[in-house]
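Dear colleague,

Please find below the structure that I am handing over to you. My notes on it follow directly after.

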Amino acid sequence: MDLMTPSTPSAPSTWQDFRAAQPAFADTVQKRFQQYKHHVLSTLRKDGSPRVTGLEVEFRMDTLWFGMMPNSRKALDLRRDPRFAIQANPGPDAEMADGDVRISGRAVEVTDPAVLSRFVEEVTPPEPFLLFRAEPTEVVRTGLDGDDIVLQVWRPGHPLRTLRRGADASPVREG
(Lines give C-alpha, C1' and ligand atoms only; values in the text may rest on other atoms or scores of the structure.)
Protein backbone atom coordinates (compact mmCIF):
# COMPACT_ATOMS: atom_id res chain seq x y z
CA MET A 1 0.00 0.00 0.00
CA ASP A 2 1.43 3.32 -1.04
CA LEU A 3 0.39 6.00 1.44
CA MET A 4 0.29 8.60 -1.31
CA THR A 5 -2.05 6.64 -3.57
CA PRO A 6 -5.79 6.91 -2.86
CA SER A 7 -7.27 3.59 -1.87
CA THR A 8 -10.31 1.98 -3.42
CA PRO A 9 -13.19 2.12 -0.95
CA SER A 10 -14.03 -1.21 0.64
CA ALA A 11 -17.52 -2.61 0.96
CA PRO A 12 -19.13 -1.52 4.24
CA SER A 13 -19.21 -3.91 7.15
CA THR A 14 -20.70 -3.81 10.62
CA TRP A 15 -18.91 -3.00 13.85
CA GLN A 16 -19.50 -6.69 14.77
CA ASP A 17 -17.64 -7.74 11.58
CA PHE A 18 -14.72 -5.50 12.53
CA ARG A 19 -14.69 -6.79 16.12
CA ALA A 20 -14.83 -10.40 14.94
CA ALA A 21 -12.00 -9.87 12.46
CA GLN A 22 -9.73 -7.83 14.76
CA PRO A 23 -10.91 -7.99 18.40
CA ALA A 24 -7.78 -6.45 19.96
CA PHE A 25 -7.62 -3.63 17.40
CA ALA A 26 -11.38 -2.99 17.79
CA ASP A 27 -10.90 -2.71 21.57
CA THR A 28 -8.02 -0.24 21.07
CA VAL A 29 -10.13 1.90 18.73
CA GLN A 30 -13.20 1.82 20.99
CA LYS A 31 -11.17 2.72 24.10
CA ARG A 32 -9.58 5.62 22.21
CA PHE A 33 -13.02 7.01 21.31
CA GLN A 34 -14.29 6.50 24.85
CA GLN A 35 -11.52 8.68 26.35
CA TYR A 36 -13.45 11.83 25.40
CA LYS A 37 -17.10 12.70 24.85
CA HIS A 38 -16.85 14.81 21.69
CA HIS A 39 -15.25 13.87 18.37
CA VAL A 40 -15.04 15.35 14.86
CA LEU A 41 -17.39 14.08 12.13
CA SER A 42 -16.85 14.81 8.45
CA THR A 43 -19.75 14.56 6.01
CA LEU A 44 -20.25 15.73 2.45
CA ARG A 45 -22.28 18.83 1.62
CA LYS A 46 -24.64 18.88 -1.33
CA ASP A 47 -21.91 20.46 -3.48
CA GLY A 48 -19.41 17.73 -2.49
CA SER A 49 -17.31 19.88 -0.21
CA PRO A 50 -16.58 18.62 3.30
CA ARG A 51 -18.53 19.61 6.40
CA VAL A 52 -16.78 19.10 9.74
CA THR A 53 -18.76 19.14 12.98
CA GLY A 54 -18.68 17.84 16.53
CA LEU A 55 -20.45 14.61 17.48
CA GLU A 56 -20.80 12.18 20.34
CA VAL A 57 -20.57 8.46 19.54
CA GLU A 58 -22.00 5.46 21.35
CA PHE A 59 -20.77 1.89 21.37
CA ARG A 60 -23.86 -0.13 22.33
CA MET A 61 -25.43 -3.41 21.25
CA ASP A 62 -22.10 -4.27 19.55
CA THR A 63 -22.64 -1.34 17.18
CA LEU A 64 -21.14 2.10 16.67
CA TRP A 65 -23.95 4.69 16.75
CA PHE A 66 -24.28 8.36 15.83
CA GLY A 67 -27.24 10.24 17.25
CA MET A 68 -28.18 13.73 16.09
CA MET A 69 -30.97 16.24 15.96
CA PRO A 70 -33.44 15.97 13.08
CA ASN A 71 -32.78 18.54 10.37
CA SER A 72 -29.23 19.16 11.58
CA ARG A 73 -26.90 19.77 8.65
CA LYS A 74 -24.89 16.60 9.42
CA ALA A 75 -28.09 14.50 9.50
CA LEU A 76 -29.25 15.97 6.19
CA ASP A 77 -25.79 15.34 4.72
CA LEU A 78 -25.84 11.68 5.82
CA ARG A 79 -29.39 11.13 4.51
CA ARG A 80 -28.28 12.42 1.11
CA ASP A 81 -24.82 10.79 1.05
CA PRO A 82 -24.04 8.30 3.84
CA ARG A 83 -20.24 8.54 3.55
CA PHE A 84 -18.49 9.80 6.66
CA ALA A 85 -15.19 9.94 8.51
CA ILE A 86 -14.98 10.39 12.26
CA GLN A 87 -11.80 11.38 14.04
CA ALA A 88 -11.33 10.62 17.74
CA ASN A 89 -10.79 13.68 19.90
CA PRO A 90 -7.00 14.12 20.10
CA GLY A 91 -7.15 15.28 23.72
CA PRO A 92 -5.82 18.27 25.60
CA ASP A 93 -2.19 18.15 24.52
CA ALA A 94 0.15 17.09 21.72
CA GLU A 95 1.17 13.77 23.30
CA MET A 96 -1.62 11.45 22.05
CA ALA A 97 -0.01 8.51 23.85
CA ASP A 98 -2.83 6.25 22.66
CA GLY A 99 -2.50 7.29 19.04
CA ASP A 100 -4.75 9.03 16.59
CA VAL A 101 -7.83 7.06 15.46
CA ARG A 102 -10.17 7.53 12.48
CA ILE A 103 -13.10 5.49 11.17
CA SER A 104 -14.49 5.96 7.66
CA GLY A 105 -17.54 4.33 6.19
CA ARG A 106 -21.26 4.65 5.64
CA ALA A 107 -23.89 5.81 8.14
CA VAL A 108 -27.22 3.99 7.86
CA GLU A 109 -30.27 5.65 9.37
CA VAL A 110 -32.12 3.37 11.78
CA THR A 111 -35.91 3.62 11.84
CA ASP A 112 -36.83 0.26 13.43
CA PRO A 113 -38.99 1.18 16.47
CA ALA A 114 -37.64 -1.74 18.55
CA VAL A 115 -34.01 -0.68 17.98
CA LEU A 116 -34.81 2.98 18.66
CA SER A 117 -36.65 2.04 21.85
CA ARG A 118 -33.75 -0.07 23.10
CA PHE A 119 -31.31 2.74 22.29
CA VAL A 120 -33.45 5.25 24.23
CA GLU A 121 -33.56 2.88 27.22
CA GLU A 122 -29.78 2.53 27.26
CA VAL A 123 -28.68 6.06 26.38
CA THR A 124 -31.60 8.44 27.14
CA PRO A 125 -30.74 10.84 24.29
CA PRO A 126 -32.38 14.25 24.00
CA GLU A 127 -35.49 13.86 21.88
CA PRO A 128 -36.36 14.09 19.09
CA PHE A 129 -33.29 12.51 17.55
CA LEU A 130 -32.14 10.56 14.51
CA LEU A 131 -30.02 7.45 14.90
CA PHE A 132 -27.41 6.21 12.44
CA ARG A 133 -25.50 2.92 12.54
CA ALA A 134 -21.89 3.17 11.37
CA GLU A 135 -20.71 0.65 8.79
CA PRO A 136 -16.91 0.94 8.69
CA THR A 137 -15.01 0.69 5.41
CA GLU A 138 -11.67 1.66 6.95
CA VAL A 139 -10.28 1.98 10.47
CA VAL A 140 -6.88 3.64 10.95
CA ARG A 141 -4.74 4.16 14.03
CA THR A 142 -1.63 6.33 13.76
CA GLY A 143 0.99 6.33 16.47
CA LEU A 144 4.68 6.72 17.13
CA ASP A 145 7.29 4.07 17.82
CA GLY A 146 10.64 5.76 18.37
CA ASP A 147 11.30 7.82 15.25
CA ASP A 148 8.75 5.88 13.17
CA ILE A 149 5.17 6.81 12.40
CA VAL A 150 3.19 3.57 12.63
CA LEU A 151 -0.15 3.14 10.87
CA GLN A 152 -2.48 0.24 11.54
CA VAL A 153 -5.07 -0.06 8.77
CA TRP A 154 -8.07 -2.39 8.64
CA ARG A 155 -10.50 -2.74 5.74
CA PRO A 156 -13.33 -5.29 5.43
CA GLY A 157 -12.15 -8.58 3.96
CA HIS A 158 -8.47 -7.74 4.48
CA PRO A 159 -6.08 -8.48 7.33
CA LEU A 160 -4.88 -5.73 9.62
CA ARG A 161 -1.84 -4.05 8.07
CA THR A 162 0.90 -2.28 9.95
CA LEU A 163 2.91 0.29 8.00
CA ARG A 164 5.97 2.16 9.23
CA ARG A 165 7.40 5.40 7.91
CA GLY A 166 10.54 7.09 9.17
CA ALA A 167 11.17 10.81 9.38
CA ASP A 168 13.50 10.56 6.40
CA ALA A 169 12.76 9.88 2.73
CA SER A 170 13.03 6.09 3.09
CA PRO A 171 10.12 4.06 1.67
CA VAL A 172 7.18 2.89 3.77
CA ARG A 173 7.82 -0.52 5.35
CA GLU A 174 5.21 -3.14 6.13
CA GLY A 175 5.28 -4.94 9.46
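Two strands are taken to pair if DSSP finds at least two bridges between them. Helices (H or I, at least four residues) and strands (E, at least two) are DSSP runs, numbered from the N terminus. This is a predicted model, in which local features need pLDDT of at least 70 and side-chain atom pairs count only at pLDDT 80 or more, while totals for chains, interfaces and linings use all residues. Residues are numbered from 1 along each chain as its sequence is written, and side-chain values use heavy atoms, with hydrogens and water left out.

Strand 5 and its neighbours

Strand 5 runs antiparallel to strand 6, and five bridges join the two. Within this pairing, F84 stands opposite G105 of strand 6. Strand 1 is also antiparallel to strand 5, joined to it by three bridges; here V40 stands opposite Q87 of strand 5. In a regular strand the side chains alternate between the two faces of the sheet. In strand 5, F84 and I86 make up the covered face, whereas R83, A85 and Q87 lie on the uncovered one.

Helix 3

Helix 3 spans residues 73-80, and its residues K74, A75, D77 and L78 are buried (buried means under 20% relative accessible area, exposed over 50%, partly exposed in between, with a 1.4 Å probe and protein chains only). Seen down the helix axis, these buried residues fall within an arc of 160°, so they line one face of helix 3; the arc is that of the directions from the axis to the C-beta atoms. The buried residues of helix 3 pack against several strands, including strand 1 (39-44), strand 5 (83-87) and strand 6 (100-110), where contact means heavy atoms within 4.5 Å.

The aromatic residues

A search of the whole structure finds eight aromatic pairs. Rings of Phe, Tyr and Trp (its six-membered ring) pair if their centres lie within 6.5 Å; planes under 30 degrees apart count as stacked, over 60 as edge-to-face and the rest as tilted. F18 and F25 form an edge-to-face pair, at 5.8 Å centre to centre and 85° between the planes. The ring centres of F18 and W154 are 4.7 Å apart with the planes at 45°, so this pair is tilted. It links distant parts of the chain, with F18 in helix 1 (residues 15-21) and W154 in strand 8 (residues 148-154), 136 residues apart. F18 has a relative accessibility of 0% and therefore counts as buried; F25, at 4%, is buried. W15, F18, F25, F33, F59 and W154 form one aromatic cluster.

With kind regards
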